[in-house]
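Hi,

Here is the structure I said I'd pass on.

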Amino acid sequence: MDLKSGYPFWAVKNGLLKTFPQLTRDHQSEVVVIGGGITGALIADELSRNGHHVVVLERRDVGWGSSAASTALLQYEIDTHMAELAKRYGEADAVLAYRACAEAIGELETLAAGLGDVDFERQQSLYYASMEEDVALLKEELALRLKHDFAADWLESETVLEEYGFVAPGAILTQLAAAVDPYRMAYQLFSRVVERGGEVYDRTQMQTMSPDEQGVTLTLANGAKLRCQYVVMAAGYESQAWLPDPVAINRSSYAFITDPLPPEALGKLRHTMVWESARPYLYMRTTGDGRLLVGGDDDDEDIPKRRDARVEEKARGLALKIETLWPKLDINPTFSWGGTFAETDDGLPFFGPHEAHGSRVHFAMAYGGNGISYSMIGAKLLRALIEGKHHPLAELFSFQRLKR
């Protein structure tokens, strides 16, 4: 799959940080992780840090798929409201999912501190009502969060205007959010995996996968064979090709980034990510050097050439929306891009085995706006499954929930 269009900022900013060797010989490992993006990196790091020998295979260069195009908003807030999840799966499971996302931000912060230089920054999250009709829905959501001790505040329209400089009927403000450079973080994590004795191979493509009772045999495109006890399929939006039926819808999202803006122009936006209740939603955040990163205007386009042709027009449209909200901001899209992303029906990820491949093959489908937070949760969940231990989210995040 061609996963991105235009000029994703992380790839432009960082370049090709490091190359890894190709795997061209028969080999073996305890766990093979398919996918060299931020999801695969977090999983490989978790496993190698806990004594597992890991081999990572990436068919491109590391980080060159969806991770290069990610806007990397780290939130505990899931695209699907807690109140909606509660109606679908019960309040206990809804709270469990939200709480795990909240804990994941702290865990990502700890990881980032140990790596250094990944542009990790704590931010606030301002979730505003796009229309007056959305206020009741957001207040219902806030009430459920407060019931379960999630710290959040309601801001009336006057406060939103005074504090953040734009007009909205109201908003939920939370202090628990963050941002990161996912491309650089993936490289740093993979380098750490190698330092521990793990192995990372790029430009190495898995062609066939044959599981049996004792393990899995992988055949590479170059003919080499790789034997392992477990496979973790962390190939992002390409993972669905290994399932008999799709479990998510592929769409396209668009983004742009500005040159650094002066702190006085950004005000509180400098440390606050902003997103809206409309679906698809407009969202924005800043980078460590004060650039404004804006995304949204998602569509159902899944043909790369058509997505390529839409990038500049989409960037202009997003810039116009920001200038309408903040007329004093001078918005100039310096780099703009589009990328494939996938949405599940309920906004939750899938982690674990699928009946089509048996218990030795685990999928890591961190789909939706919380992809990196989900990946942090999934890393621990998959380690628990591989080690034969219980994880509280194993059932909710499994393919079995499709049968509920």
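Before the helix pairs, one bit of background: a helix axis here is a line fitted to C-alpha atoms over the stretch in contact, and angles between axes run from 0 to 180 degrees between N-to-C directions. Also keep in mind that this is a predicted model.

With that in hand, take helix H3 (residues 82-89) and helix H5 (residues 135-147): their axes come within 8 Å and cross at roughly 75°. Since angles of 65 to 115 degrees count as roughly perpendicular, H3 and H5 are therefore roughly perpendicular to each other. On the H3 side the contact uses Met82, Ala83, Ala86 and Lys87, and H5 brings Glu140, Glu141, Leu144 and Arg145. By class, that contact of H3 with H5 splits into 4 nonpolar and 4 charged residues, with no polar ones.

Next, helix H10 (residues 371-386), which packs against helix H2 (residues 38-49) at an angle of about 40°, the axes being 9 Å apart. H2 and H10 are therefore oblique to each other, and H2 passes H10 in a right-handed crossing. From H2, the residues that meet H10 are Ile38, Thr39, Leu42, Ile43, Glu46 and Leu47. Their partners in H10 include Ile372, Met376, Ala379 and Arg383. The contact of H2 with H10 comes to 9 nonpolar, 2 polar and 3 charged residues.

H10 also packs with helix H4 (residues 91-115), this time at about 85° and with axes 9 Å apart. That angle makes H4 roughly perpendicular to H10. Sorted by class, the contact of H4 with H10 has 10 nonpolar, 1 polar and 2 charged residues.

Now the aromatics. The structure holds 17 aromatic pairs. In one of them, the ring centres of tyrosine 127 and tryptophan 275 are 3.9 Å apart and the planes sit at 15°, so the pair is stacked. Which strands hold these two residues? Tyrosine 127 is in strand S5 (residues 121-128) and tryptophan 275 is in strand S13 (residues 272-276), so you can find them on the model with those ranges; the pair links distant parts of the chain, 148 residues apart.

Finally, the annotation: an unreviewed UniProt entry places the feature "domain: FAD dependent oxidoreductase" at residues 31-384. Over residues 31-384, the model is 34% helix and 30% strand, and the end C-alpha atoms lie 13 Å apart.

Cheers

Notes:
Residues numbered from 1 in each chain as written. Predicted model: local features only at pLDDT ≥ 70, side-chain atom pairs only at ≥ 80, totals over all residues. Heavy atoms only, no water. UniProt positions renumbered as here; feature names shortened; annotations may be inferred. Helix = DSSP H or I, 4+ residues; strand = E, 2+ residues; numbered from the N terminus. Parallel < 35°, antiparallel > 145°, perpendicular 65-115°, else oblique. Left-handed = near helix turned anticlockwise from the far one by under 90°. Contact = heavy atoms within 4.5 Å. Nonpolar A, V, L, I, M, F, W, Y, C, P; charged D, E, K, R; others polar. Phe/Tyr/Trp six-rings, centres within 6.5 Å; stacked < 30°, edge-to-face > 60°.
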